[in-house]
Amino acid sequence: MKVYKPEWQCTFSVNEGAEESANWKERVAWRLRAMADRLDGVGRTLKIDCNVTPQVSREEVDTCLGKGFEVTQQLLTQLAHQQACEDVMRDAKADLFEKTPSTNSQC
């Protein structure tokens, strides 16, 4: 009897800049991205590398990324709401808080 063993692999990385080992083409590309960010004035450029074996369609990868960014938006919205509530409480009841506010955790 033959035993079947499914095998798969997925690597996913997100970069915000050129790595130290980057070649000249990658460095130029990141400089252009940084320049575009400065010209635009808002936003953040990320490079996503996703390698999946066995191969899945580009549409499936795009759907997964879209869902991931939806979750990110929900988490950031929740964090902003919590920070807004804390700001109101600090203003209304300053005596309940330490004199030097602690640094909030960042995503």
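How many nonpolar, polar and charged residues are in the lining of the largest pocket? By class, there are nine nonpolar, two polar and one charged, where Ala, Val, Leu, Ile, Met, Phe, Trp, Tyr, Cys and Pro count as nonpolar, Asp, Glu, Lys and Arg as charged, and the others, Gly among them, as polar.

The model is predicted: local features need pLDDT of at least 70, side-chain atom pairs count only at pLDDT 80 or more, and totals for chains, interfaces and linings use all residues. Residues are numbered from 1 along each chain as its sequence is written, and side-chain values use heavy atoms, with hydrogens and water left out.

A pocket is an open set of points on a 1 Å grid over the protein atoms alone where a 1.4 Å probe fits, with protein on both sides within 12 Å along at least five of seven lines; lining residues have an atom within 4 Å of a point. Of its twelve lining residues, R44, L46, F69, T72 and L76 are the closest to the centre. Helix α2 gives six residues, the largest share of the lining.

The pocket lies between domain 1 (7-54) and domain 2 (56-96), because both give residues to its lining. The bounds come from an automatic or database domain assignment. The C-alpha centres of the two domains lie 23 Å apart.

How values were computed
Helices (H or I, at least four residues) and strands (E, at least two) are DSSP runs, numbered from the N terminus.
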